[in-house]
Amino acid sequence: MMTTDETLSALQQTVQQLLGRVETLEARAAIENLMGRFQYLHTASLDIEILDQLWSHRDDASFEDAYNGVYSGWRGQGIPDYFMEKYGMERYMPPMEGGPGMPPGLGGPPPGPMPDFPPSPPRKKEGKLVIHTLTTPVIEVSGDRAYGVWISSGHESGAFSEGELSHIPRVDGSVPNEFGERVLADWVWLKYGVHFIREQGVWKIHKMHIYDIFRCPFDENWVTFSHRRLAEESAMDSGARFGM
């Protein structure tokens, strides 16, 4: 039979175990909501809100996708540059302590008073529909760090002006519509791998990696399209090497 002290110690141990389990469950729920908000804002073309609200502003934060490489930190070729290049944001920098934001690519604050750059307008939304749903979450929590992977089934579509998607031959080589725009409509399946960090009690995205599983036009299967896409990209690489 346990003594009073042994019973109290066992109860305290049980309470600590239960508190740990509750904290882990709360962290998992917060992270799932965080990624849900990420996709909701991305679908609504609210990328500035993603950068402001959801991402850690640590210097070692990073973003990577399979076709554009790694963007690290918030200056130079940093995370804002990815959103600028990919989604048409003109300027962005998270506010620094004691001052307003600054445009990316400057490598540090300029001397003297910092200019107050106006916020960038969201990218053009008319005629574009980008949705990436999230499925099969696997989330591991360890203290103030967490790691998660998701499979995403979605689509990307839109009407693009001349040269806007010059890196995709099948788009810029297609016949323009009555508005002079070329149309892209793809099925896209991705895998997300994300590192999270808890900052002042709030979970933030720390590092995000996106990998294509497959993508293909809505009217073509992904197997035959992958062969055609490989041939197109090989031709583009050859042209770039020989200055064509």
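This is a predicted model: local features need pLDDT of at least 70, side-chain atom pairs count only at pLDDT 80 or more; totals for chains, interfaces and linings use all residues.

**How two helices pack**

- Helix α1 covers residues 4-43, and helix α2 covers residues 47-54.
- The two helices pack at an angle of about 155 degrees, and their axes lie 8 Å apart.
- Angles over 145 degrees count as roughly antiparallel, and α1 and α2 are therefore roughly antiparallel to each other.
- Where α1 passes α2, the crossing is right-handed.
- On the α1 side, the contact is made by L34, R37, F38, L41 and H42. On the α2 side, it is made by D47, E49, I50, Q53 and L54.
- Sorted by class, this contact has 5 nonpolar, 3 charged and 2 polar residues.

**D47, in helix α2**

- You can find D47 in helix α2, and D47 is one of the residues that make the contact with α1.
- Is D47 buried or exposed? D47 has a relative accessible area of 3%, so it is buried.
- The side chains of D47 and H42 make a polar contact of 3.4 Å. H42 is among the α1 residues in the helix contact.

**Y192, in strand β6**

- Now move to strand β6, residues 182-199, where Y192 is found.
- Y192 is buried as well, with a relative accessible area of 2%; the cut-off for buried is under 20%.
- Which residues does Y192 contact, leaving aside neighbours within four places in sequence? The list includes M35, F38 and Q39, then H132 and L134, then G148, V149, W150 and S152, and also M208, H209 and I210.
- With Q39, the side chain of Y192 forms a polar contact of 3.0 Å.
- Y192 and Y211 are 19 residues apart along the chain, and their C-alpha atoms are separated by 6.6 Å.

**E156, in strand β5**

- E156 is found in strand β5, which runs over residues 145-160.
- Not counting residues up to four places away in sequence, E156 touches L129, V130, H132, L184, A185, D186, V188 and R215.
- With H132, the contact includes a polar one: the two side chains are joined at 3.1 Å.

Terms used: Residues are numbered from 1 along each chain as its sequence is written. Side-chain values use heavy atoms; hydrogens and water are left out. Axes are lines fitted to C-alpha atoms, for helices over the stretch in contact, and angles run from 0 to 180 degrees between N-to-C directions. Helices (H or I, at least four residues) and strands (E, at least two) are DSSP runs, numbered from the N terminus. Angles under 35 degrees count as roughly parallel, over 145 as roughly antiparallel, 65 to 115 as roughly perpendicular and the rest as oblique. A crossing is left-handed if the near helix is turned anticlockwise from the far one by less than a right angle, and right-handed if clockwise. Contact means heavy atoms within 4.5 Å. Ala, Val, Leu, Ile, Met, Phe, Trp, Tyr, Cys and Pro count as nonpolar, Asp, Glu, Lys and Arg as charged, and the others, Gly among them, as polar. Buried means under 20% relative accessible area, exposed over 50%, partly exposed in between (1.4 Å probe, protein chains only). A polar contact is a pair of N or O atoms within 3.5 Å; within protein, one must be able to donate a hydrogen and the other to accept it, and residues adjacent in sequence count only if both atoms are side-chain atoms.
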